[in-house]
Amino acid sequence: MKRRILSNQYKKAMALLLLLSLLISGLLPDVQVAAGVTSAENEHSMMTGLASADSMDVPDENAEVHRPTVTNLAYADLLNESNEMTVADEMTVADELTDTDQPEDMVSPEDYAQYEEEDRKDYLAVKKIRAARAKANKTGNTAASSLQSVEWADKKLVNSIDGKGLTHESQHSASAKIFGIDVSKWNGDIDWKKVKAAGVSFVIIRVGNRFSASGKLAVDPYFESYIKGAHSVGLPVGIYYFSQDISTAEAKASAQFVLKQIKKYASYISYPIFYDMEMIDGGRLDKANLSKKKRTDIWCTFCDAVKAAGYIPGVYASYYSYYDYNDNAVDSAHVSTSLFEKKGYYIWLARYNTRTYSSRPYSMWQYSSTGKVDGINSYVDLNVAYVRAEQTQATASSFRVKWDKLDKAKGYYYAVFDKKGNKLYGAHTTGRTATITKFSDKSAPKAGQKYIFKVRKYTLDASGKKVYGKYVISAPVYTTPCDIKTIACKAKSETGNGATITWSAAKGATGYVIYYKEEGRAAYRKLAMTDSTSYVIHELSPQKKYTVKVIPFVNVTGNDFYGNESGTVTFCTSVATVIPLKQVSTSKNRICIGWTWPKNVLGLQVFLYDADGKQVTEPVTIEDQTIQSYAYSGLTPGAKYICKVRAYGMNAEDTLVYGRPGRIEVKTRPEQITGLKRKASTANSTTIVWKPVSGADGYRVYQWNASKKSWKYVKTTTQPSYRAKKLKIATKYKYRVRAFVKSNGIYGFGTYSDAYETATKAPKPKSLKIKFKSASSATLKWSKVTGATGYRILIYDRVGKLVDTRLTKKTSCKVTGLKRGKTYRFRVQAYITTGSTTVFGSSLWGRGSADSRVSQKV
């Protein structure tokens, strides 16, 4: 802003000299030089970069608050740069800005009507995008991301200018919240008095835009009436430009276009000049398919040109296009947001929700596009801007604070309160920093304490009396934590590569930094930060001596302030842990484990325990470092054993120490399976079972392939049974099974069971003929069943009692011994014999009487 001040002062001086010369020469005898007061007022407004929303005549501190202009601390300094321009440089800028030639691609007011439809289409496209964005925030259903989280738990958007119902992120917990609107021609005629009375404290006005189809530049038809109307009621003003620039050359032209339009209203503008680039489907920006770097260069070209002209540059974008969903990402996929933050651009974030859920920095939040404000007959965008204080320094007995600039303040009154609200100190300043070392009672701030720091501005009335506003800035401030009284290394907590350190809590600390150094090194190294009062240190070198100290700190809105360092604790690390141990081999009575020798040890001790932790044998000591494995025999099959190996050696103080043992669980192989037998068979399946094997984790079943004369793996099961399906009818099958254990990712198999042969059931004969030869005998004949070993004939009396059984390998059988006058039922089954097992098939039934001597055909 100093560049613009120099220009105005230069021009005013030239004008005054011209007027004086004319008066002296008598050419203007009736002209009175009365511009001094107005110039001074304008100069003050330009120097502060602020426009007040309230009257300067505030009778007392309980009157309406003087609304502060919203600037981040970094942005407020943009207007106070030391790189002032020379008169020659200033004249060059002035020439550029007063050039009456408009850009070739600018739409003149006379031709604007023919571009009205293109402007309307752009407006509707953006409106559609924003409506979808609001709906996504409200319901959690968005095509932009599948992320579902607490951020979409909100069911109602806030559409009031007072912002009731909004939740502000922690970065703005101590900030004053100022509410305002942004407008364009689509808001129509505005009653600015009603708007201000409704609670609006600032307004961001669209100066113009570049169309998405033609690429033409156009001034918003309502721009001048809006900025004059807002200024007439004392509303601070900012500017935004809707961009469809596709090159840095266009961005530069857009910046010059904006600067020309706002030139005569410069004294009205106290908020930033915002660059609003939004994608419109099918538009020139969409079709350009710009890379992330090119898009970022375009934004920076516009913003840097605005900054060079003395204004605060700002960027406007939705959360979805500006930030990644992962707030911890350095940049979004669209633009280099970290570069914008580094350059100090004022960030205006749009997210239609009851909170932003963003940890990234921003200074203004557009929380609704469907707001309702008295004096405006359409929906209007609602915004909240933040004014904050920041603690910049702390000791055990002092702290320093700086705060954002408040509009048209002649000075500030700041005060310090304790947690109960008691006022401890207060003072005036014309600056924006304060260092507190003593309170009003001459006592100093205490270590480990929280205080409340408040700021209010004052102005001067016509008599020079201070007129105070209310406290609008309130922030917690802290002294550094109290000292850590004790620090220790827990007894016997040392391990081969670390130790557990504990210390007493320091009052007022929000965290601790642990530092350590190895013996022989001069400097400490930062190890870790924690909010606990203990820390397990890992990855230290074995058999070394270390010294550790801890420093408490308090975190205040992202800044860490450190207290005094603790005393030190010294400890020696032991020998290294033997890791990893590995399973070399196993059998049903033997296991073998292996290891890698650590450096600088004298030997190893090997221990063996059963599953219950009982030591199986005496420890074995090994000092020959060529030996890298050890085997135990005479063990129980299918049993779990725990093997431990620890190293021993001399530490840094020449004391014999033992390392923490390495540990591995190993299982011996299981016993051979016995008791294999058939449980059931059908025409197409058979089920076999066996005796469970102690310690087995499972079983593998194999089937004999007669054509290939080999065994084929068919199934792994954890149960001592197996059912084979989809088999051929009346067919023999052979199986064998073995148990297994699994340890350390390795299968250990037992011996195969003996082979067991079974069969599927044979079908029933297709026909049965019964012929009675006499009153006491009958002949049965039936059809042959393929694959059958033989047939079984069962004879029942009429009440179902079994009276006789016959076996034959033929397809006929003569039954004798029948009794006259009795009726009999005959049952015929094919069977298959496999070893000691016989599998009977389905039955074919027939019946007859010896008296009737009737032959039956079934």
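**Entry 1: Gln366.** I looked up Gln366 in this predicted model and found it in strand β8, which covers residues 364-371. Next I checked what the side chain of Gln366 touches. There is a polar contact of 2.7 Å between the side chain of Gln366 and that of Tyr316.

**Entry 2: α8 and α10.** I turned to a pair of helices, α8 (residues 248-262) and α10 (residues 292-308). Their axes come within 8 Å and cross at roughly 30°. Because angles under 35 degrees count as roughly parallel, I noted α8 as roughly parallel to α10. I recorded the crossing of α8 and α10 as right-handed.

Which residues make the contact? On the α8 side I listed Thr248, Ala251, Lys252, Ser254, Ala255, Val258 and Leu259. From α10 come Asp297, Ile298, Thr301, Phe302 and Ala305. I sorted the contact of α8 with α10 by class and got 7 nonpolar, 3 polar and 2 charged residues.

**Entry 3: whole protein.** I finished with the totals. The protein has 49 strands and 12 helices.

Definitions and conventions
Residues numbered from 1 in each chain as written. Predicted model: local features only at pLDDT ≥ 70, side-chain atom pairs only at ≥ 80, totals over all residues. Heavy atoms only, no water. Helix = DSSP H or I, 4+ residues; strand = E, 2+ residues; numbered from the N terminus. Polar contact = N/O pair within 3.5 Å; in protein donor to acceptor, adjacent residues only side chain to side chain. Axes fitted to C-alpha atoms, helices over the stretch in contact; angles between N-to-C directions. Parallel < 35°, antiparallel > 145°, perpendicular 65-115°, else oblique. Left-handed = near helix turned anticlockwise from the far one by under 90°. Contact = heavy atoms within 4.5 Å. Nonpolar A, V, L, I, M, F, W, Y, C, P; charged D, E, K, R; others polar.
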